[in-house]
Amino acid sequence: MTLYLPYLLAIVAVLLLDWLAWRRPDRRRLVWRLLASAVAGVSIVLLIFPPSYQRALDPSTAILLTKGYEPDSLNALLQRMGPKPLVYTYQTKAPETIPITDFYTFRQEQPQVQSVHVLGYGLEEQELQALQDIQVMPHLIGMPTGIASVTWPESISLGEPVTVSGQYTLPSADETIIYLRAAGRAQDSVTLKEAGLHTFQLRYTPKQEGSYTYTLVARSSHNTDTLGQVPVQVHPTTKPAVLLVSSFPLFEFKFLKNHLGQLQHRVAMRSTVSKGMYQSEWLNMAQTDLSRITHKLLRQFDVVITEPQALQELSSAERAALQRAVTEDGLGVLTIAGEQLGNRNTAFFTNFQSKRLSQQDTRNARANWITSSTNTAIPASPYTLVSSDAVTGLIEEQSNNLLAAGRKAGWGTVAMTVVPQTFSWQLEGKQGTYASYWAHLLSSVAKQEVREKFWQLAKPQIPQLHQPVTLKLTDYTLDNPVDVPKATVRTTADTTLTGIALQQGVHQPELYEGTFWPQRTGWHVVESQGVEPFYFLVQDSAAWTHQGIQAKREATLQFATQQQRKQTASTTAYTEEQVPVIWFFLLFVLSSGFLWLEEKL
């Protein structure tokens, strides 16, 4: 500190005068006037020649404040550090900091910086590229109030519900209602009353095919906030061809055959009348020989529905043909099991782990599936299926037990259900429940359509205005992988085409990726020759704010993880800083005020 000696001498003199004044009471008034005059004089000198001091700095380390940073976190970090680093801000404001507008410029102007502590939400992927040679140490905060995550299917078949699932952070016990708005009104809602992170799920079933945009809204006592839009493509319902095979005529199979026939499915049914004699029926398809199950016959169908006794009665050649159709052609096989769950000969189709829940022949269960809004009562066998890593639950019941489950077998799916009779729903007039149950099972088990060429949205989950959108094309039909396909993007409200350059995958030559920068909100479509057009919705940047925050957090954490830890030598520099003159001005005002007041008394 400069001018230390005069200041110290002045303080000693003031203290000495004060001590003398208390020893000689008759001189106190004079001494106080002298003291006030001395303070006023010293204050004027300090205002004209303010003192300064040297502050230690670490030029190789910096602190970067991004959006969402908390001052308490900054203060705690500064207290832990020795020589104080310089503090910078990016796209936010803070007192006594240096703003950064461009990181490439920052690297040129501050080449000595070797490590950066990042506070707040973090930086985007392209922003981090300018900091490749700098050690990034993240001190990020959690997700803010509101939507923390959200998902929904980008496309569904007609009759299936749109299920919007997510997490919402409520900062206080202020009742908040989250609802899904579709067709001009709220279709489903959930009420949150306690502070914390809540999981929610909302559903709505579209009535027609097409492209639809729904809205997710949060309403509290203070305001109503539109969180974002939910775009969904509703496609026509698929109608898989079904082969029903039973060991004797069953009401369950008869009702199912008639139901599927009314929905214009291609259906064939074979029931054993006696040994070697079968009763065959066909709906919406040409008659064909069903007396022998062959690989050629099975190619006409997408799913086979049977029961354990019928599987045992098949010849070894028929079971081999059925197994081959599953593993090689993607056929689905659903076994409806009652008391008997199968044996060693049918293990490929019935090898599901089960446990007995009742000693009776039947029990009452509450069935639940993804397209059902409520649990539905149904008689079931005394067994339940057990979930595992290889088994996927299709129909659930209470206590996390499974009434129906499936597993992959090669290209196809084998499944089993312990609900032997569902036609009782039809007898009770529950046509909607019956139709939903079987539509869900068939779509889960039936042979999936093989797409050789198709578009996908790689990232982000929700395209936004002026943000890069990565589109991915998969094409298994290209004879010459060198010929890169051409693609264009346009809005559905405009005919102006924007070309996008595709880059072929290094390890997967059938994959191509391109980047598109949206300039308008609304529905867009990407097109290329011989490929079904792909539609996606571009939303305003103010929607789904959690997505940008989440992307910054993930990019910053991943960037820091991939960096190699570098040991940087600790260096110390010094900067000259002045003591704030406001303190000297206050001293001058107080001392002058005392002299004026003392004169009046």
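**Charges over rings.** I looked at Arg407 and found it over the face of Phe352, 5.2 Å from the ring centre. I took a charge to sit over a ring if NZ of Lys or CZ of Arg is within 6 Å of the ring centre and within 35 degrees of the ring normal. Arg451 also turned up, with its charged end over the ring of Phe454 at 4.4 Å from the centre.

**Ground rules.** I am working with a predicted model, where local features need pLDDT of at least 70 and side-chain atom pairs count only at pLDDT 80 or more, while totals for chains, interfaces and linings use all residues. I number residues from 1 along each chain as its sequence is written, and side-chain values use heavy atoms, with hydrogens and water left out.

**Aromatic pairs.** I searched the whole structure and got 14 aromatic pairs. Rings of Phe, Tyr and Trp (its six-membered ring) pair if their centres lie within 6.5 Å; planes under 30 degrees apart count as stacked, over 60 as edge-to-face and the rest as tilted. Phe255 and Phe423 are stacked, because their ring centres are 5.2 Å apart and their planes stand at 20°. Phe255 belongs to helix 6 (residues 251-262) and Phe423 to helix 11 (residues 423-427), so this pair ties together parts 168 residues apart in sequence. My helices (H or I, at least four residues) and strands (E, at least two) are DSSP runs, numbered from the N terminus.

I checked accessibility too, with buried meaning under 20% relative accessible area, exposed over 50% and partly exposed in between (1.4 Å probe, protein chains only). Phe255 is partly exposed at 22%, and Phe423 is buried at 12%.

Next came Tyr437 and Trp438: ring centres 5.4 Å apart and planes at 85°, so I noted the pair as edge-to-face. Both residues are buried. Tyr437 and Trp438 form one aromatic cluster with Trp369 and Trp425.

**His546.** I located His546 in helix 13 (residues 545-562). Is His546 buried or exposed? Its relative accessible area is 4%, so it is buried. Leaving aside neighbours within four places in sequence, I found His546 in contact (heavy atoms within 4.5 Å) with Met143, Ile147, Ala148, Ser149 and Val150.

**The sheet.** I traced an open sheet of five strands in the order 7-13-12-9-10, with mixed pairing. Strands pair if DSSP finds at least two bridges between them. Strand 12 (residues 210-219) and strand 13 (residues 224-235) pair antiparallel over ten bridges, and Arg219 stands opposite Thr224 in strand 13.
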